[in-house]
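Here is a short briefing to read alongside the structure. Keep the viewer open and follow the topics in order.

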Amino acid sequence: MTTLLTIEGLTKAYPGVVANSDVSFAIAEGEVHALLGENGAGKSTLVKMIYGLVKPDSGRMILHGHPYEPAEPRAARAAGVAMVFQHFSLFDALNVAENISLGMESPPPRRQLAARIREVSDAYGLPLDPDRTVGELSAGERQRVEIIRCLLQDPKLLIMDEPTSVLTPQEVEILFRTLRKLSSEGTAILYISHKLEEIRTLCDSATILRRGKVVDSCNPREKSAAELAELMVGSKLQTPSRPGATPGEIVLDVAGLSVRSASAFGTSLRDVTFTVRAGEILGIGGVAGNGQDELLAALSGEAQARAGSIRLRGTPIGALGPNQRRRIAILAAPEERLGHAAAPDMSLTENALLTGAIREGLTTRGFLKWPAARAFAERVITAFDVRTPGPANAARSLSGGNLQKFVIGREVLQRPEVLVVNQPTWGVDAAAAAAIRQALLDLAENGAAVVVISQDLDELMEISDRFAALNEGRLSPPRPARGLTMEEIGLMMGGAHDMETPHVDA
Amino acid sequence: MIRLEKRPTPSRFWTLATPLLAVILTMIAGGLLFAFLGKDPLEAIRTIFWDPLFHPQFASYSRPQLLVKAGPLILIAIGLSLGFRAGIWNIGAEGQYIIGAICGAGVALAFYPLEAWYVFPLMVIAGALGGWAWAMIPALLKTRFRTNEILVSLLLVYVAEELLASMALGLMRNPAGGGFPGSRNLQQYPAAANGELIAGTGMHWGVAAAFIAVILAYVLLNRHMLGFHIRLTGQSPRAARFAGVRPNALILICLGTSGALAGLAGLFEVAGPAGQISIDFNQGYGFTAIIVAFLGRLHPVGILLAGLLMGLTYIGGDLAQFMLGLPAAAIQAFQGMLLFFLLGVDVLTNYRIRIGRTEAA
């Protein structure tokens, strides 16, 4: 195989932190190359340099034997480098073809473009109707829009940032088939993920980053997932453990919960029913956008429901607001860290106050006790190993994993009886994710009822006692997690969305 | 190529430096404007910023005017800043100011010529209530029907102005005024007059109220849960809802408070410096206060300083009109530039400027 892209000694420093230091590796044509590393290891900075979003301080890149210095993404795309981001940049109100044409330099006439979209989506087994409104699409389908947008440019190198976090197992299968077909046609793929099993099935080689440096490269198929994790973290990874406890009485009882979504493109909850016992973790899976946000809002009190549809030890609480629920020890941690669980521009002390005021006694007759709030923030920082210079730093200055540890820690330290979390380890490195899961397990161990909403099925299987899936606002009946197969889980999640006839000729 | 790079945390230095930079830029651009009008720019700037306080001949008259002008600006701006911090845009303080003045003066005129200690306190209460009630109109419409408070509060200013004209010409016209428009002069009615508290300083009850408002707003924003919720709502409305803030309650509180403070400012003005309800006793304080609020970075202490500065440009502007023959419109343009430059350089607080080469790929 001929070398497509060579990276030599790339270094990028930001004030106070070296994001990449002397990073070198090579990607061959048609190779599926994994980039592995914890959060903050420098993966995103590295791919941003390859995609022209960030300029390296030193080092060079060689593409097809020529020096490659993209000044901006447009230059990178012109050179045949495309990227699918973790966060989609699509307009809900526009249709698929309009969204794709917006991202193009010189879009062809609409009808011709629609035909091209159909052609490419058929060729790669990614069925997509160019005339559908993006707001109606599932997360998996939105990702297809992004992928097809890239494929229309006929890329030589496709960068994918955590692509499977929004997919059902069936959809992951289909994506992998597409990627394998691309690779067999000579397109190189740079695949960023922290899901080690995926990397082992998909990738030909892996470069492992730790604190901005390349620490190893290997063939992931020859390593076990545990070995890969160790390379990534640099020490033996503590897998969450739990002694088998017997669940207690029913604490949270949700029956016939229906809530209209606050947003036009949201999913309303329809007749959701489940119970959680003391000491139990209920895992709720499902593809993003199937009512997860709405379920969290209904349980946290941000969205009001019929009083009787949610009960705490028999007492109806569906109509209570967030602070009234905090008073009776129902706590929640929403998915969106910046802007929902935490205020980006406020300090960690202020963010500690955001949910901790009532249970931690951080006010007297409405007046704030700043020293107490600071002490609470410091307690969260210490107990959950949040890496930050101190509680006076703004939330947005923290890396995703560190802020997530802060957000989860803030709720766990308030001694909840019921804790509801949405995507507790989304975009969080392996070590931090393990710590967060362990904290949730410990919480259940101490008698709390825990609801974990997540799209990471491995995570749910690892920590839940029972499992249910959200699909279009309905919740499947919970089943014991032990012994569930991926096939069964996939069906509970609604199978592959609009993918009745997936076929790839590869 | 010049690029903007987002700072990880807002720059503390630039938060404080941008208002000063804006003042300097305004002086430069204003100086150019005055030069084009054929005036000596340095003399014009000096007349506006220096002479009101230190001119040997005029300072004794104009210095007390500083507090007289700054007082209502600060009082109104403090109220506005609470809402602005929460993303609630009361643009109609001018209307609330007028209604406050009408209500306060109405109480005074109703009691005339009774000399009793309770007349003035009742006027204060009526003024605050009047402004509050006028602000409740956009507030209730917003919470009930999701109307836009910017438009409703602004349009109500013009309603208030019509009401003021009708009062000055009709119901409140001075029966002993020989048919001239305008009410009785409250300065000549001791029980209702809002006179100077300390002679020769310009200090009246409205100025005292403004200082008290500065202190209370500071405590509220920095030490109280309500202030925290106001700031939180402005920064991330979703996080605020998660923190248990009821958005509708906050709308009522913020619009109500800013309305009440604007009403108070109106009452103190009409009972003091203006003296009477007349067609044009309001001097656009309610609009200028918006500039003051932003110039002061929506921070109570900043607003105090910005109010004094803006008051200075008012007096200095009058002086420049009188001494140099500068047109009033030029002075207004000068004040507008201040807000323009402030918003322009504001970007430095959250972004840093990088000057780098453009490279071809």
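**Two chains, side by side**

Among contacts in chain A between residues at least 6 apart in sequence, 67% join residues at least 24 apart. For chain B, the share of such contacts that join residues at least 24 apart is 77%. Please bear in mind that this is a predicted model.

**Chain A overall**

- Chain A is built with 16 helices and 23 strands.
- Its radius of gyration is 23 Å, and because a compact globule with 506 residues would come out near 23 Å, the value agrees with that expectation.
- Along the principal axes, the C-alpha atoms of chain A fill a box of roughly 65 × 50 × 40 Å.
- Buried residues account for 58% of the 506 residues in chain A.

**Chain B overall**

- Chain B has 15 helices and two strands.
- Its radius of gyration is 22 Å, which agrees with the value near 21 Å that a compact globule with 361 residues would have.
- The box filled by the C-alpha atoms of chain B is roughly 85 × 55 × 35 Å along the principal axes.
- Of the 361 residues in chain B, 52% are buried.
- Chain B has an accessible surface of about 16,100 Å², and carbon and sulfur atoms hold 67% of that area.
- There are 23 positive and 15 negative side chains in chain B, with the centres of the two sets 16 Å apart.

**A covered strand in chain A**

- Strand E7 of chain A spans residues 157-161, and five of its five residues are buried.
- In a regular strand, side chains alternate between the two faces of the sheet.
- Both faces of E7(A) are covered, with Leu157(A), Ile159(A) and Asp161(A) buried on one side, while Leu158(A) and Met160(A) are buried on the other.
- Strand E6 of chain A, residues 81-84, pairs with E7(A) in the parallel sense over four bridges. Here Val84(A) stands opposite Met160(A).
- E7(A) also pairs in the parallel sense with strand E8 of chain A, residues 188-192, over five bridges. In E8(A), Leu190(A) is the bridge partner of Ile159(A).

**A covered helix in chain B**

- Helix H12 of chain B covers residues 285-295, and nine of its eleven residues are buried.
- Which residues of H12(B) are buried? They are Tyr285(B), Gly286(B), Thr288(B), Ala289(B), Ile290(B), Ile291(B), Val292(B), Ala293(B) and Leu295(B).
- The helices of chain B that these buried residues pack against include H1 (12-36), H4 (59-85) and H5 (93-111).
- Just after H12(B), the backbone at Arg297(B) takes a positive phi of about 60°.

Notes:
Residues are numbered from 1 along each chain as its sequence is written. Chains are lettered from A and ligands numbered from 1 in the order in which they are written. This is a predicted model: local features need pLDDT of at least 70, side-chain atom pairs count only at pLDDT 80 or more; totals for chains, interfaces and linings use all residues. Side-chain values use heavy atoms; hydrogens and water are left out. The radius of gyration is taken over C-alpha atoms; the globule rule is 2.2 Å times the number of residues to the power 0.38. Buried means under 20% relative accessible area, exposed over 50%, partly exposed in between (1.4 Å probe, protein chains only). Contact means heavy atoms within 4.5 Å. Accessible areas come from the Shrake-Rupley method with a 1.4 Å probe; for residues, only the protein chains shown count as cover. Lys and Arg count as positive and Asp and Glu as negative; His and the chain ends are not counted. The place of a charge is taken as NZ of Lys, CZ of Arg, CG of Asp or CD of Glu. Two strands pair if DSSP finds at least two bridges between them.
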